[in-house]
Amino acid sequence: HGQRNRNGFATAAIAPVALVLFTVAVVVFHQPPRSLGGPVVRKAVAEELTQLSVIPAGPAAGMNYDPNDPCAEYPYLKFLNVSYNNLGGHGPDQGPEGLIWKTLDLGTGARNMTGRPVDLMAHVIGDYRVWEPYMNGMSGQFGGKSGQFGSLNLIAGSSMTIEFSFRDALTNAPVVMPELAMTWYDLDQDQHNTCREQVVAAGFKTYTLSQNTEIIKTVLPDGSMAFQSSTFGDGDDNPTDPLHLTQQQRNRAVSFEYENVRTVRFTLSAASGTGARFFTFVGRPALLCSLKNEKERQEQTIGNVILNPLVAGPGMVPVKSPANAAFHRWMVGRGDLVPKGEPMAEIWVDGELEQLTAPKKGVVVSMQDELKDNDTINTRLGDGTIAMVGFLPPLPKFEGQDVVRAPPGSLFKKFTVRKANFVYRGDPVAVVSVGGEDHNVNSPRDGIVVSTQDVLQEGDPVDGLCLNRMIAVVGKLSPLKTNSAIQPVRCHINNGRFWEWKRNLGDSVNKGDEIAIVKSDLNGSKITVSLTAPKSGVVNSLQERLKQGTNISELLSDHTVATIGPFPPLNYTGTQECVRVPLGSTFIRFETKVGDTVQEGDPIARVALPGIRRLSVGPLGGSDTLSSVAINSPRAGTVIAEQHLDPGMPIDDAIDGSVIAVVGDAQPMWLWWLLGALAACLLLLTAFLCCCLRGGGRSDNDKWAPLKNKQDSRSILAVHHSSLPEPEEEEGPRPPGLRLVWADNEGERRIAYSQYRPLGIRMQHVCPIVIEDFKFNSYAKQQLEVERGWELLRVGDIDMSTTTEFGRARDILNEHQRSLPVWPLRLDFEDPKTKQARTFHFAHKPIGIEFTNKAPITVKKVYENSPASNFKVQTQWVITRIGSQVKAQELDFAVLMRLLKEGVEPLGEWEARDRPDQGQPGQQQSISHPDDPFDRATTPLSMTPSTPWTPAVTP
């Protein structure tokens with residue numbers, strides 16, 4: 001070291017190498033970022049630019065600088081890798097929401113700081129339905145960690161708003177980008193013209209599309225611009241190099257350029273459909289870069305090349321222009337639905353503008369979209385065909401579904417059913433006219449109307465609009481919902497035909513009871529089979545559309561005709577106490593019956609604890625073994641009610657909850673004697689009054705006359721009731737809670753009373769409010785039993801059908817729920833030493849528990865003065881259930897943490913006065929997590945309540 005210091009030449013030679021090695025080390029090993037950007041800066045604010053550690057430009061900086069790079073004249077953020085991925089809070093990394101790319105600032109955007117390391121940070125604003133969190137980040141390898149493109153994914157039928165910001169990777173200081181460019185690739189859709197991808201942007205300086213772009217551009221009311229796909233694409237046509245693009249890949253890309261920005265925001269969306277949609281992007285204007293030389297630019301702009309003729313397929317009709325005309329502009333786009341006579345393009349003929357119209361109703365299948373203003377038709381097109389109008393998009397048809405076809409030569413008149421309606425074989429689906437006479441188009445099978453060609457109008461020729469005259473699709477019934485507590489009643493006979501029901505919806509049944517009768521021809525002989533209950537419980541649901549003779553396998557995909565659910569919970573009052581059993585217990589027998597008098601500690605029932613085998617449980621409960629445990633009465637009194645349980649039955653599957661009996665106050669015999677005496681007195685008094693009134697209330701001229709007949713009596717009552725308005729709900733006192741009126745998927749009105757908040761539903765952004773999906777631990781799904789697609793008609797006494805703005809409708813619902821208690825999160829724990837199970841319902845957050853970072857989730861620490869410490873949760877306990885998710889110990893750790901986060905999020909805040917580990921009483925504390933890549937303060941896990949806190953109880 002001393003010799004090198006004395007050698008000035010050696011020092012000068014090593015210094016640049018050390019600088020390069022230091023820069024690379026910082027880029028590779030630097031911790032995640034610790035600050036966020038601000039709003040968009042639209043004016044030149046060079047003085048606000050953070051002066052970073054300047055790294056010399058060009059090869060001396062150690063960067064792969066290429067002066068022949070076709071994109072060298074434009075800004076360029078080069079992706080290196082992903083350092084942190086928890087976009088939308090979906091993981092796989094744990095911590096604050098967001099995603100961080102490590103990049104290098106190259107190109108003209110870097111100015112005198114070429115090669116500086118920049119962290120590109122992304123945050124989701126609002127809801128985000130991710131397809132696969134691991135594939136967010138970068139394309140190229142599974143896990144989103146490397147590749148040439150940035151990549152984001154979402155579920156079809158959803159959208160996400162994402163905001164990008166920038167910071168110096170060396171100092172964590174926010175960065176204003178003097179120049180910035182971003183290109184979004186591969187905007188396409190599926191083969192059924194659904195799942196259309198769209199990018200919405202604002203605040204850019206310029207945008208670039210290819211000359212023959214397939215992207216449809218729309219200016220939105222707020223001034224932003226939407227860029228939407230118009231053609232089908234799949235994985236085979238995706239770009240693999242950001243700069244070397246095919247013409248088709250250019251036609252599906254859009255580039256944006258910005259100046260002096262702190263943040264940029266995009267909204268990515270995919271129209272309704274199925275599966276995942278991926279959005280790839282780079283930090284450079286790739287459309288400009290991909291035109292690599294002047295010759296290619298000339299080929300793009302040349303105007304006198306004869307275009308390839310459009311290919312005519314089945315059902316397509318050409319749109320032709322006069323040969324001596326010149327093209328002016330398009331008035332429609334590819335994929336648009338056009339009625340017959342709709343203007344499609346304007347042309348110049350002898351100096352006058354004329355319109356070319358659609359020769360038929362249909363979809364614009366193809367266009368000569370390379371035509372420009374003043375292009376002469378006879379020099380650009382050989383046959384004068386500028387577009388093709390073809391069939392409507394065919395309805396999707398899947399296995400187990402049948403097509404409804406109209407007869408040849410039909411003119412459509414009307415549909416007689418709507419989508420989601422049930423039809424039997426032979427029921428009319430539509431009416432068409434053939435030769436001037438009306439004909440019904442009937443359903444070929446029993447089932448649900450899956451889809452219809454809704455764009456058909458009266459008088460439309462079906463042959464010219466619908467491929468193979470397909471106007472509707474009928475499929476199988478939706479399967480009944482089942483889970484570990486709700487078991488299916490299935491028909492396992494081939495070609496079994498439903499005959500009759502033996503039980504009604506809501507009936508209580510024992511295991512083996514008849515539910516339905518099925519008949520079948522087996523090897524030429526007719527057989528009758530009883531479908532029986534697989535467990536004791538309540539008939540939870542029936543396929544009520546089944547009628548005598550219906551082929552079950554043709555109508556039901558899973559052959560499930562009914563489901564048996566748990567018995568409803570027992571009713572009890574505040575003066576009565578419940579007899580509960582541990583989670584996972586198996587019922588053996590009751591030691592008492594309803595009406596028996598018991599003392600505190602007397603055995604009510606015997607059960608087998610979870611994890612202990614009981615080999616001999618017979619129909620009468622078997623003999624006592626060491627595996628059975630007595631469940632004792634919590635008080636003295638009378639057995640008011642007992643659940644209907646069979647020996648050997650898993651209690652979790654048989655009943656809703658853990659209450660198997662109710663014990664209340666015993667009524668003394670003298671009270672029964674007193675009640676009997678009072679009843680006798682009332683009878684005598686009633687008889688005396690009747691005699692007095694009959695004797696003194698009728699004059700000698702009064703005559704007694706009987707009713708004419710019973711039929712007349714019924715007629716009078718019928719007329720009386722028909723004149724009354726239909727009541728909105730049953731008479732009697734209204735149940736507690738917020739009254740909600742829904743319209744179900746069949747159009748019928750359903751009333752529910754919400755006693756907790758929030759509902760836990762995902763809503764479509766339309767009015768009236770429609771349920772799109774359910775959140776985890778949803779109160780509406782678990783307790784109110786509402787379903788997807790239901791429409792909210794009334795909230796309390798407010799008619800929601802008059803509200804036209806979604807934000808206003810949402811506010812009305814939230815305001816009416818504000819006074820309701822929070823729906824708690826159920827957490828089940830198991831003590832690994834004793835195997836004893838415990839259930840708690842948390843209504844406040846943070847719950848005050850620190851967990852291990854692996855599955856199964858184990859309690860590592862319980863914070864003092866927290867909800868968990870109030871429940872006396874102990875370390876080493878294992879979580880076995882989170883909300884409605886049972887067997888939690890068998891799930892992946894990332895999934896468990898996501899469920900915990902979603903379940904805790906809506907809970908009420910735990911009001912704090914002090915921290916048990918630091919701070920003075922009366923001061924609310926927050927702590928900064930050293931592992932937080934965004935360096936934001938977070939709420940401590942444990943706080944002390946400012947008011948006495950009462951643990952939540954089972955709702």
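User: What share of the 955 residues in the protein chain is buried?
Analyst: This is a predicted model, in which local features need pLDDT of at least 70 and side-chain atom pairs count only at pLDDT 80 or more, while totals for chains, interfaces and linings use all residues. Residues are numbered from 1 along each chain as its sequence is written, and side-chain values use heavy atoms, leaving out hydrogens and water. A residue is buried under 20% relative accessible area, exposed over 50% and partly exposed in between (1.4 Å probe, protein chains only). In the protein chain of 955 residues, the buried share is 43%.

User: How many helices and strands does the protein chain have?
Analyst: Both are DSSP runs numbered from the N terminus: helices are H or I with at least four residues, strands are E with at least two. On that count, the secondary structure of the protein chain comes to 15 helices and 57 strands.

User: Which strands stand at the edges of the open sheet of 4 strands?
Analyst: Strands pair if DSSP finds at least two bridges between them. The order in this open sheet is E29-E35-E34-E31, and the pairing is antiparallel. E29 (487–490) and E31 (508–509) each have a single partner strand, so one side of each lacks a neighbour in the sheet; the edge strands are E29 and E31.

User: Which residue in E34 is the bridge partner of Ser508?
Analyst: Strand E31 runs antiparallel to E34 (residues 537–542), and 2 bridges join them. In E34, the residue bridged to Ser508 is Val538.

User: With which side chain does Ser541 make a polar contact?
Analyst: Ser541 is in strand E34 and counts as buried, because its relative accessibility is 14%. Beyond four places in sequence, its contacts (heavy atoms within 4.5 Å) are with Leu480, Leu505, Ala562 and Thr563. A polar contact is a pair of N or O atoms within 3.5 Å; within protein, one must be able to donate a hydrogen and the other to accept it, and residues adjacent in sequence count only if both atoms are side-chain atoms. At 2.5 Å, the side chain that makes one with Ser541 is that of Thr563.

User: How many residues apart in sequence are the parts that Phe79 and Phe281 tie together?
Analyst: The structure holds 27 aromatic pairs, where rings of Phe, Tyr and Trp (its six-membered ring) have centres within 6.5 Å, and planes under 30 degrees apart are stacked, over 60 edge-to-face and the rest tilted. Phe79 and Phe281 have ring centres 5.7 Å apart and planes at 85 degrees, so they are edge-to-face. Phe79 lies in strand E1 (residues 75–86) and Phe281 in strand E14 (residues 276–282), so the separation in sequence is 202 residues.

User: Which residue in E46 does Arg762 stand opposite?
Analyst: Strand E45 (residues 761–764) pairs with E46 in the antiparallel sense over 4 bridges, and the two form a hairpin with 5 residues between them. Strand E46 (residues 770–774) has 4 of its 5 residues buried, so the rest of the structure largely encloses it. Opposite Arg762 stands Asp773.

User: Is Lys872 buried or exposed?
Analyst: Lys872 has a positive phi of about 65 degrees although it is not a glycine, and is in the loop between helix H14 (867–870) and strand E54 (878–882). Its relative accessible area is 59%, so Lys872 is exposed.
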